[in-house]
Amino acid sequence: MKKKVSEIIKNSSSFLIVTHKNPDGDAIGSSLALYNVLKSLKKTVYVEIPTKPAYIYDFLDDYNNIELTSNFKDVEVVIALDSADMQRCGLTKDYTNGKTLINIDHHKTNPLYGNINIVEPQAAAVGCIVWEILKEGNLPIDKRTAEYIYLSILTDTGSFRYSSTGAKTFMIAADLLAKGVKPWYIASKVYEREKPETYKLLSLVLDTLEFFYDGKLALEYVTIDMFKKTDTTADNTEGFVNYARGIRGVEVGVLLREDEPNVFKISIRSKGNVDVSEVATKFEGGGHKNAAGGTIRAPLNEAKKKIIEAFDFLR
Ligand SMILES: [Mn+2]
């Protein structure tokens, strides 16, 4: 199947790459890696995402080449990356009709919406799958492509810490380093360029921390009011949920983020064996075993109650 994708890459002339809204490092990294390869092969290629990527990624060479979803681009091949369903990457059936749709993902809930589907839940990042496609097809991996793939792996494995990290992950990373990636450079760009106001917001959020089920569930929240007070947006909350999970004894950390009045985006992170993807499906969401998300439409107190109840198996 990967060979087939590399053949399509070689034999087609125009491509649209799409990924999920509120893109993370894996979504952006895997998309820009393929974009860069297709550019170097002199193909016509576009990258579209439903929402603008967060500022932490603005150091990337191709950041300004990322466009917002249009459903207008006239191309032969559409490649969706890291997108558990079509809607999350802004695709409509009307638009993809008559085009080759390639679906490359690692969410186990992916319904295989493409004409070609490469969905590998065991892959540490979609960037790893992209690397394999490029390798198998003998496609060029230059330094810039290597940096994009490295970004995707670094961010989706929580800096090589999550249970998805294996020997293969490091093997791929080693290959990327051989192509010129400097780990300190990417890490400092992604993790050491935070805005001061983010820390103001973080201090408000940490103040909301509460514990349930003998300290196994940690819950924190951010409200529109807090965003206003600190002149911040949802972009500033990247990684906040990890503070909840990072506490000793905590097995599940949850961040409730009020994106619209009484609409909370929930981020759920677990350690080790607790699978949070199931719980997320109860809240219009999904994800992976240790990282998942969803939405709750309710006032704060009710939203908190729903989350606490959903984790009563921790009792
Ligand atoms: Mn991913």
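Predicted model: local features only at pLDDT ≥ 70, side-chain atom pairs only at ≥ 80, totals over all residues.

**Cores and sheets**

Trainee: Which residues touch the most other members of the largest nonpolar core?

Mentor: Ile17, Ile79, Val130, Ile149, Tyr150 and Ile153 do, out of 59 residues in that core. Helix 2 (residues 25-40) contributes the most to this core, with eight residues. A nonpolar core here is a set of buried Ala, Val, Leu, Ile, Met, Phe, Trp, Tyr and Cys residues joined through C-beta atoms within 7 Å. Buried means that 20 or more other C-beta atoms lie within 10 Å of a residue's own; exposed means 12 or fewer, partly exposed is in between, and C-beta atoms are placed from the backbone. Helices (H or I, at least four residues) and strands (E, at least two) are DSSP runs, numbered from the N terminus.

Trainee: What is Val130 in contact with, leaving aside neighbours within four places in sequence?

Mentor: Contact means C-beta atoms, placed from the backbone, within 7 Å of each other. For Val130 the list is Ser30, Ala33, Leu34, Ile104 and Ile149. There's also a second, separate core of 32 residues, including Val250 and Phe311.

Trainee: Now the sheets. In what order do the six strands of the open sheet come?

Mentor: Strands of a sheet pair through backbone hydrogen bonds, either parallel or antiparallel. We say two strands pair if DSSP finds at least two bridges between them. Here the order is 3-2-1-4-5-6, with parallel pairing. Strand 3 (66-68) and strand 6 (116-119) are at the edges with a single partner strand each, so one side of each has no neighbour in the sheet.

Trainee: How many bridges join strand 1 to strand 2?

Mentor: Five, between strand 1 (residues 14-19) and strand 2 (residues 44-49). One of the bridge pairs is Ser14 with Thr44.

Trainee: And which way do strand 9 and strand 10 pair, parallel or antiparallel?

Mentor: Antiparallel, over eight bridges, with strand 9 at residues 252-260. They form a hairpin with two residues between them, and Asn262 in the turn has a positive phi of about 60°. Strand 10 (residues 263-270) has seven of its eight residues buried. Strand 10 also pairs with strand 12 (residues 291-297), antiparallel over seven bridges. Val263 has Glu260 opposite and also stands opposite Arg297 in strand 12.

How values were computed
Residues numbered from 1 in each chain as written. Contact = placed C-beta atoms within 7 Å.
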